[in-house]
Structures are given as structure tokens and as C-alpha cells.
Amino acid sequence: MNLELDYEGLWPHQERGLREVVELIKSGAKRICVVSPTGGGKSRMVRTMIEAEKSSVLYTNRRMLFSQLCEGLDEAGISYGKRAAGHDKAPIWPTQICMLQTEIAAILEHGSRDVVDARIIHVDEVHNNCRGKTEDLIDMHDGVLIGWTATPVNVGHMFDELVIAGTNSELRECGSHVPAVHFAMPELDEKIIGKIDLSSDGCGIRKSKRKEFVHRIFGDVVDNLRRIHPQLEKTILFGPDVAGSIWICEQLNQNGITAAHIDGANCWLDGELVPTSEEVRSEIVSRHESGEIKVLCNRFVMREGIDLPYLRACVFATSFGSITSYLQAGGRVIRKHPDVDVVKVLDHGGNWWRFGSLNENRQWHLDMSNASIAALRNEEVQEGERDKQQVCSQCSGIRGSELVCPWCGHEVKRVDHRRPVRMTTGKLISMEPAQWRKRKKLDPTEKAIKEWMGKVYANRKHNPDRTMAQLYADFARTHDWHYPDRSWPMMCKRLVDFYLPLGMLKPKDLIPKGD
């Protein structure tokens, strides 16, 4: 395949990413995942590739994304066919834009049409479109598969190559992103709601506790919004579930802050619940952008693929269960707008310390899962590779280890790792110790090292599905919670491999005896 791309007008990270994709295709690569943060211009990169290779099919799974992608191709003057409900298919055009649901029903379930014959297969938001019938459909293609995402999580089974087309700092340099200032709220009380499940893609809170969670934990959304973002307008809010989002929307309106809610079935607008439609959604977004509606509430329907660059503040009234949900939701607010220099993130769910700032550059690997990413971040903080973030007691802004808050100038006498927790009484107390406790190290005696090596050998043979992290924690438990050093023999060379099943690790991945 001879790809000659026109790189004129592209940002440096876009050009670099596309050149790497072209080189991989020329070398014979067939399955490539391209990663760029939200707002990094993935749609523009797709259009650039389609302009160079018209024999292309582009899959998406959401109507809003379908419309946005079609508008982009129209602006670029590219002729294409639409394969979606309500559209007549246009087989004459070599480029086709397809709704996944329509194609799955027509091709896999009813056999009423054939798969698009294309040399390049593009899959938008591939982190959501890489399993089940979607994977079966994509596997029917013979061309080069390119997946596009801001969060390449749980996609390693589908791709062989990973291309990083931009980091958050690069996007700020080119003017695509604005920096976010994080503010933290009273932390979740696990005695009330139970432990947060970081392995799920939702808010991580079981359904039976979500309404209680909203009422007990987020009663101060209104007060904190007024204190931290007194302008109030152009704010988006993510609730713990649909019912919780509607409840918060009502509370905002009752306190004189005009708010609306959107979900897949209904919209809460002007004091009443009405069925969702394109017209109602457009009206809400238009009134939100103009400032008439101050806060736009939702659960997750506005999380991905929606361009609202005018936003100035974001409220996380939920605890995200995955880095994917967190970054996709946060990506709505950090996009550059001529009238916005900095955005505010009001975090009521402890997401700031679980997943880090929205400004951070991320290190991605194809074999990462949401659980391993959360664990990896915790390990990096434990080992001092990441700064421990903490809350300013005066302004609630998030800062690093420095003793002077960069947001309000408050100076502390020592680093304070305490965090307030909202108890059932509604009062705030300080909790010790820090979120990240310093681990005790096990003395590296010959006996202890031999025992560790024996455990690794035995578990690789008899428990191959167990991860090194699980074995590491179990070993510490049997030694009074003293942990072996990461430099011991049979430890993983790379921290990211620590969360893979032992059966997947090769001898070259482990530190050999004597190193």
C-alpha cells in the first residue's frame, strides 16, 4: 500500500503519529492502535488518512459521533457513503461511514449485506469497540486495522502496535488544551457506601448504595461550586448515576443555579422531565453555551466524543471506577477555547489521587487494564516516581509536595497528608495516615530471597493466572507485611509487567539470579 499523506496544517504530534503509522503499514503491520488525548485531533488524523487512501471504512457506535465524523468529511470535500439506520447505503463510494449497531445487525445477525471491502479499517473510540460481535465484525476484514482512542485500555488482544500521537503537554503547547486546576472535596466514607470497585467502568459503587451515596456525600456540591467557581456558568457535572444526576440537578435549581440534565432516555429541563431528542439536546447545549443554563448535568452520556470547548468548569460528583471513564469525562473540559485560559475541576470523589491530574502525561502499553493502571499509579507513588498530591486546607486546590499552595499562596509548616472524611454525622474529621502508606521492606537475607524465588517458580507452574502483584502482596502478608525489594531475583524488570498473569511472563521479563 502506497500512502502519500498531506501533512500541511497538522500539529506536530499529529504529523509524528501519522508518519509512524505510515511506516508501520509499509513494514507490514496490520493492526495498529493510535492513542491521542481527547482534543488531540484524532478526527483530523483519520480524515488525512482517508484523503490518501479512499478505500476506507470508518466504524463508530454513537449517533453524535457519526454526525460529527460526517460533518468533518463534508468539510474536507470527501465523498462517502453512510451505512446507518435511516440512510440509503451508497456502495459507489470507496469510503463508507458505518454505525456498528447497523452493520452487526445486517451482516452478522440477518446476513442481508456484505462487509465493506476496504484496504484500511478505522475504528473510532476503539476501547469501547473491541469485544463481542464488534470484534467478530472487524475480524471479517482483510485490510489494515487502525483503532483510535484516548485511552487504550483492554485492547491488547486486538492490536500488535501502539502509536502515541501526542501527550497532554504537547497539546497544551500547540494550543489544543488548557490547563486544569483541581479542587478536592470531602472524601468518600467507605463505612457508608462500601469499598470502591476500581475494576469496573462505572462509578465503582454498587447500585443499592448510589442514592444514599448522593445524599450523604454530595450535599455540598452547591456550596463548593459557588465558592470555587462563583461565575457558575458553563459547568458540566457528572453524577453517580442517572437518578443521582437528576437529583443534583433539582438541588441546583432549588438553590437558584439554573441546571439541566441529559441522559439516553430523558432530559430534565425547565422543571420537567421530557423524552430525549436531538432537538431537546441541541436546545439544552445552546442555552448552556449562552450562559442561560449554568450547569449541564449527566451521568455518562456526555462523557465521550462530544465537543463542548466552551466549558470552564467540571464537577465530578462521582467516584470513577476506571481511568478510562475519568479521562474521557475530564476530556470534555480541557479543550482549548478562545475565551478560556484555565478550567476548574471540582472533584467530590477522590479521583484526583486515584488517577492523577488531567494535566498529566500518561504512559500507555497495549497490555494494560483499568485495574493494572490504578495499581501501577499507586506503585509509582510508593516508589517516589510520582509526587504525592494533597489538598490545600485553605482553597481546596490540589498541590504537590511543595509547602506553598500555587493557587492561593497558603503556606504550611509541614507536608500534610491528612484528608477529611464525611462521616454519618455530617461533620468533617482528619484521618491519618496518608492515602499511600510507606511499605516496610523485608531484610534481603539469603533465606528470604530463596523463599521468594521458590514462590515464583511454584506459582508460574501451578498458578499461571496469578499476577506477580498478587504473589507480592501474599508474600508480604506471610512476613508481617514486610515487602521484598523490587530488585530481588525473579522480580519483574518492568513495573507494568507486575500486573500480568505469571503464565504470560517470559524469563527475559524477570530479573535473573545474580543481577
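Tutor: In helix H16 (residues 468–477), the buried residues are Met468, Ala469, Leu471, Tyr472, Phe475 and Ala476. Buried means under 20% relative accessible area, exposed over 50%, and partly exposed in between, with a 1.4 Å probe and protein chains only. Helices (H or I, at least four residues) and strands (E, at least two) are DSSP runs, numbered from the N terminus. This is a predicted model, in which local features need pLDDT of at least 70, side-chain atom pairs count only at pLDDT 80 or more, and totals for chains, interfaces and linings use all residues. Residues are numbered from 1 along each chain as its sequence is written, and side-chain values use heavy atoms, with hydrogens and water left out.

Student: How do you know that the buried residues of H16 line one face of the helix?

Tutor: Seen down the axis of H16, they fall within an arc of 165°, so they line one face. The arc is taken from the directions from the helix axis to the C-beta atoms.

Student: Against what do the buried residues of H16 pack?

Tutor: They pack against strand S20 (440–441), helix H15 (446–462) and strand S21 (482–483); contact means heavy atoms within 4.5 Å.

Student: Why is the pair of Phe316 and Phe320 called edge-to-face?

Tutor: A search of the whole structure finds twelve aromatic pairs. For Phe316 and Phe320 the ring centres are 5.0 Å apart and the planes are at 85°, so the pair is edge-to-face. Rings of Phe, Tyr and Trp (its six-membered ring) pair if their centres lie within 6.5 Å; planes under 30 degrees apart count as stacked, over 60 as edge-to-face and the rest as tilted. Phe316 counts as buried at 0% relative accessibility.

Student: What makes Trp452 and Phe475 an edge-to-face pair, and which parts does the pair tie together?

Tutor: Their ring centres are 5.4 Å apart and their planes at 85°, so this pair is edge-to-face. Trp452 lies in helix H15 and Phe475 in helix H16, so the pair ties together parts that are 23 residues apart in sequence.

Student: What makes the charged end of Arg486 one that sits over the ring of Tyr472?

Tutor: The charged end of Arg486 sits 4.5 Å from the ring centre of Tyr472. The definition requires NZ of Lys or CZ of Arg within 6 Å of the ring centre and within 35 degrees of the ring normal.
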